[in-house]
Amino acid sequence: MKKIMILGASILQLPAIKKAKEMGLQVIVADMNPEAVGFKEQGIIREIISTIDSEKILQAAKKYQIDGIMTLASDMPMRSVARVSKELGIIGITEETALRATDKTVMRQCLKNNNIPIPEFYKIANEAEYINAINIFKSKYMKCILKPADNSGSRGVTLLKDLSDEHAIKAAYEYTKQYARSGLLIIEEFMDGVEVSVESLSSNGKCYVISITDKLTTGEPYFVEMGHNEPSLLPIDIQKKIIDITQNAVRAIGIENGPSHTEIKITKEGPKIVEIGARLGGDNITSHLVPLSTGIDLVKACIQVALGEEVSLKPEFNKGAAIRYFQTREGIIKAISGIEKAQKSQGIKQVAIVHGIEEKVDEIRNSVDRVGFVIAQDETVEKAIQDCEIAMEKIVIEII
């Protein structure tokens with residue numbers, strides 16, 4: 001029996017844990033949280049280890065003599081994946097690629113060196129460098145985005161649109177810095193335009209683009225993703241440019257075997273890379289939307305690549321799939337009703353509430369603040385979006 005090690009046992013990694021079990025594999029799961037939902041799965045081996053503790057992850061990998069290692073929808077474990085892949089001689093990304101895919105400043109510089117379209121950016125190590133960069137953008141009359149160099153899920157991301165507002169500038173720095181693990185930040189040109197993500201998988205050096213996902217966000221100042229749909233509704237000529245840029249970026253980062261999740265904005269100058277991750281996309285994109293829209297089981301394919309097996313990425317059908325997250329305000333959840341009605345609505349495949357009664361919910365500043373979502377599949381993407389909207393109208397979340 002082949003053994004696969006999955007880094008992370010949260011709701012994000014649960015689809016991979018379930019799929020690996022379904023494939024008849026011995027599943028070793030690592031997470032620092034002993035109460036993680038993935039640890040509740042029967043028949044797995046549990047290792048209570050931080051997924052970013054590369055040394056302990058390596059020790060566990062050696063102990064079980066694993067055949068493959070992966071994560072799903074999480075960036076920081078990629079450095080542990082790379083370390084284990086190198087030491088055990090199994091399929092995976094290199095340590096250099098892991099750095100390029102998890103440190104936004106290194107990523108930006110790599111893409112710039114390879115002439116791939118990106119926004120103007122500056123690495124920030126301290127407040128003095130931050131103010132210098134602010135002055136550069138101010139002189140160009142450009143709005144800018146501040147974000148941690150090494151985090152994800154919209155954590156710490158904020159927009160600076162009035163560069164004469166000293167209070168807002170200082171508050172943004174203090175807010176973002178608390179999310180930067182290394183202390184490094186990145187400030188970059190604000191790219192105005194439609195945002196998409198590209199779901200792809202590389203095998204033996206070839207990058208296969210599976211799907212382009214349209215995104216809906218909260219907008220400024222935090223840009224938290226509140227919805228996705230596939231296939232993209234963008235014009236075909238724009239989609240071709242997106243595919244070309246994505247494949248070039250994947251090669252530049254150095255992903256030869258494994259998944260990639262590339263975020264792109266369609267600016268007036270054309271598509272530009274926001275970020276690229278050497279992992280499957282989160283927010284139920286690759287675990288739910290891709291199979292609902294194409295029939296391709298991308299989670300299974302990712303596991304197969306990690307094990308060095310051949311994969312089939314031929315679409316079985318072309319349907320519409322969409323997810324929408326609930327818009328909620330800050331407060332305490334007192335009641336939730338209408339879930340059963342929503343579940344019976346046209347096209348609805350899943351309704352999920354992740355924050356329950358009496359739980360405090362915050363203003364939506366990052367992905368963990370969202371209360372729940374609905375997922376739909378229909379004949380077209382337009383119908384799938386409409387299905388989501390109709391179902392959400394049936395659910396009432398009372399917050400005081």
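**Exercise 1. Place K112 in the fold and state which residues K112 contacts beyond its neighbours within four places in sequence.**

Solution. K112 is found in helix α5, where helices are DSSP runs of H or I with at least four residues, numbered from the N terminus. This is a predicted model, in which local features need pLDDT of at least 70, side-chain atom pairs count only at pLDDT 80 or more, and totals for chains, interfaces and linings use all residues. Residues are numbered from 1 along each chain as its sequence is written, and side-chain values use heavy atoms, with hydrogens and water left out. Leaving aside neighbours within four places in sequence, K112 is in contact (heavy atoms within 4.5 Å) with I118 and F121. K112 and A252 are 140 residues apart in sequence, and their C-alpha atoms are 9.7 Å apart in space.

**Exercise 2. Describe how helices α5 and α8 cross, and which residues make the contact.**

Solution. Begin with the axes, which are lines fitted to C-alpha atoms over the stretch in contact, with angles running from 0 to 180 degrees between N-to-C directions. The axes of α5 (residues 104-113) and α8 come within 9 Å and cross at roughly 115°. The two helices are therefore roughly perpendicular to each other, a term that covers 65 to 115 degrees. Next, identify the residues: M107, C110 and L111 of α5 meet A249, A252 and I253 of α8. Finally, sort them by class: the contact has six nonpolar, no polar and no charged residues, with Ala, Val, Leu, Ile, Met, Phe, Trp, Tyr, Cys and Pro counting as nonpolar, Asp, Glu, Lys and Arg as charged, and the others, Gly among them, as polar.

Notes:
Parallel < 35°, antiparallel > 145°, perpendicular 65-115°, else oblique.
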